[in-house]
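Subject: Structure handover

Hello,

Here is the structure I promised to pass on. Please open it beside this email and follow along.

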There are 2 protein chains.
Amino acid sequence: MRHHKLALCGEHYSEWFVNSTQRAIEKYKMFKPDANILVAVSGGKDSLALWDVLARLGYKADGLYIGLGIQGEIDYSDQSLACIRNFAQQNVPNAQLHVVDIAETYGKTIPEISRASTRGHGKPCSACGLTKRYVMNRLAAERGYDVLATGHNLDDEAAVLMQNTLHWQTGYLARQAPVLEASDGLAKKVKPFCRFYERETATYAVVRNIEYVYDECPHAVGNLTNFYKTLLNQLEAESPGAKLSFYVEFLKARQAGFFQAPADKSNLHACEVCGQPTTAPGRCAFCRMWNITAASGGALISPDAIAVRGDDAFDDVETRVAETVDVSGL
Amino acid sequence: MRHHKLALCGEHYSEWFVNSTQRAIEKYKMFKPDANILVAVSGGKDSLALWDVLARLGYKADGLYIGLGIQGEIDYSDQSLACIRNFAQQNVPNAQLHVVDIAETYGKTIPEISRASTRGHGKPCSACGLTKRYVMNRLAAERGYDVLATGHNLDDEAAVLMQNTLHWQTGYLARQAPVLEASDGLAKKVKPFCRFYERETATYAVVRNIEYVYDECPHAVGNLTNFYKTLLNQLEAESPGAKLSFYVEFLKARQAGFFQAPADKSNLHACEVCGQPTTAPGRCAFCRMWNITAASGGALISPDAIAVRGDDAFDDVETRVAETVDVSGL
């Protein structure tokens, strides 16, 4: 760890990593020791490492996997779920894993709904982001989780910060933070890894023998976020610690009141179909994109679509529905 | 001009460039038609182009050249002055050129005072910046100029903005603007070329047959500003117009009150030796660095040190002192 001037063996690295996560949780007031935490897991190194660390720290943390139906060279989504199940069985045997399969639930995979929609100029990323945010929020709120945790690392946060800064997206800048408080039916969101370099979360995953999906989403290759990551890597190479400083100094300036959020002209109210908070009049963006109407009753998740994993389930990856729960309201 | 989708011949390019400058002057309320303007000229393309454009627009604009005594492969400072004199004779024959030679005035060149000082970690750039700002301010104020104009272009401004942003230098961010109003004896400063890409000012200089010093200062090679310029050029190549958008959106956010300047704890008062405004108690940073004391009376510019050029002077580059003026107070 060049910027910390530290050289550690695997065991001490792991200890440093876990303790640093706890310090970030406390520093940014993410959650209390008895919180019910929902970790959004993709099958990548960051989210699996996060679930692992939270469990080792003694937190009650369940997982949520959203099956997007993305293929690519390696059958991306299926391989992701296999990694997660394998990890869960070995590392967090007492936790639950929620699985929401988008195609089973809403009738189309993400690439399919993207092609059918006008969002995103032919790229599925916009439809994917909207869908994931919706499902995460809704599941967290309806299952009574106190907080939704994601594995965003420093490279992710710095790239988004760079993007928001280069366009001076004042609304986004004023809101970008390791903690987004709950409001009007939106779950509280936290990023306990926001101060870790990507190479640090990768090292933790390796040290802990966590098997994860190495490839990034095939649709993310060459996107703008990766371009900003490349720029920031050049900066870091020129001046070690620059990425951390960029992000942390931003948070300090924000905390000191340097940014004045533009007046929020939007009012959240309930979507007339699903009841989730939205700024749009009538139906929310999610219900519009998926063409969910009042006529369909809003009960768009089939009872089988969410699998909840108990302690002894998941011996077989194919057994997706371990325990059926009533999700008619979801 | 890729981001404007314009293709122009030399004559129309020059017309577009001059008119755009006038629009920037008005948009940012830089100065009125009858203002007394002092243009800081280095001998590079930007400052000579600026002097040229202001004269063509009918403004009363004089020049100030500060001889820094910088050598390098081409005898940088002497060649700069030769370019400026040649330009002035041909393009602005009715304007005055003030020349302040630092070695003649203060006894050392910039590289020499830099070596004798603790500023700048062995690089002369910090000593140079301090000295130039001091001389520009003092000359503008004492000769009754309304405004000091510099040739900073968009690439310069965007690089400084990037540097201030990457470190979230909130004080600098809140102050970075095309216009810095006069205050407490500090001259008003303006940057009429702040919206021009560097390649645009270079094109103007070529179209107008302006001979300028191509090389940048030998001490600037490889500095951090140039590193940021390289990053921004990559961004521009990926997304044409990104550099302009980065700077202009920043100015808009600033104008809309997005940034809250940190409380200014510093009070300007007069340096006890030279009388120029300073935040330091006692002597200002300039007098300290140059070791100017009350005992030396503060009259540190010799009467010959400032040359003022009339209409018919400067036939010979060697004849530096064309007209001696009383500068004992400077």
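**Where the two chains meet**

Between chain A and chain B there are five residue pairs in polar contact, both residues at pLDDT 80 or more. A polar contact is a pair of N or O atoms within 3.5 Å; within protein, one must be able to donate a hydrogen and the other to accept it, and residues adjacent in sequence count only if both atoms are side-chain atoms.

Some ground rules. This is a predicted model, where local features need pLDDT of at least 70 and side-chain atom pairs count only at pLDDT 80 or more, while totals for chains, interfaces and linings use all residues. Residues are numbered from 1 along each chain as its sequence is written, chains are lettered from A and ligands numbered from 1 in the order in which they are written, and side-chain values use heavy atoms, leaving out hydrogens and water.

Back to the interface. In chain A, 25 residues are in contact with 26 residues of chain B (contact means heavy atoms within 4.5 Å). The two chains bury about 2300 Å² between them, and 77% of that is on carbon and sulfur atoms. Buried area is the accessible area (1.4 Å probe) that two parts lose on being put together, summed over both. Three residues stand out: Leu166(A), Trp168(A) and Phe258(A) supply 33% of the area that chain A buries against chain B, more than any other three residues.

Which elements give two or more residues to the side of chain A that touches chain B? They are α7 (154-166), α8 (170-175), α10 (224-238) and α11 (242-255) of chain A. α10(A) gives the most, with seven residues. Helices here are DSSP runs (H or I, at least four residues), numbered from the N terminus, and strands are runs of E, at least two.

By class, this side of chain A has 16 nonpolar, seven polar and two charged residues. Ala, Val, Leu, Ile, Met, Phe, Trp, Tyr, Cys and Pro count as nonpolar; Asp, Glu, Lys and Arg count as charged; the others, Gly among them, count as polar.

**Salt bridges**

A salt bridge is a side-chain nitrogen of Lys or Arg within 4 Å of a carboxyl oxygen of Asp or Glu. The structure holds 20 of them over all chains.

Look at Glu198(A) and Lys45(A). Their side chains meet in a salt bridge, 3.1 Å from N to O. This pair links distant parts of the chain: Glu198(A) is in helix α9 (residues 198-207) and Lys45(A) in helix α2 (residues 45-56), 153 residues apart. Lys45(A) is buried, at 13% relative accessible area. Glu198(A) is partly exposed, at 28%. Buried means under 20% relative accessible area, exposed over 50%, and partly exposed in between (1.4 Å probe, protein chains only). Asp46(A) joins Lys45(A) and Glu198(A) in a network of salt bridges.

Now try helix α6 (residues 125-142) of chain A. Arg138(A) and Glu142(A) both lie there, four residues apart, about one turn of the helix. An α-helix has 3.6 residues a turn, so residues three or four places apart point the same way. Arg138(A) and Glu142(A) form a salt bridge, with their closest N and O atoms 3.1 Å apart. Arg138(A) is buried at 3%, while Glu142(A) is partly exposed at 39%.

Arg138(B) and Glu142(B) meet in a salt bridge of 3.1 Å, N to O. They are four residues apart in α6 (residues 125-142) of chain B, so about one helical turn separates them. Arg138(B) is buried at 4%. Glu142(B) is partly exposed at 39%.

**Cysteines**

Cys271(B) is buried at 4%, and Cys83(B) is buried at 11%.

**Inside chain B**

Gln22(B) lies in helix α1 (residues 10-27) of chain B. Gln22(B) is buried, at 18% relative accessible area. Leaving aside neighbours within four places in sequence, Gln22(B) is in contact with Leu57(B) and Tyr59(B).

Best wishes
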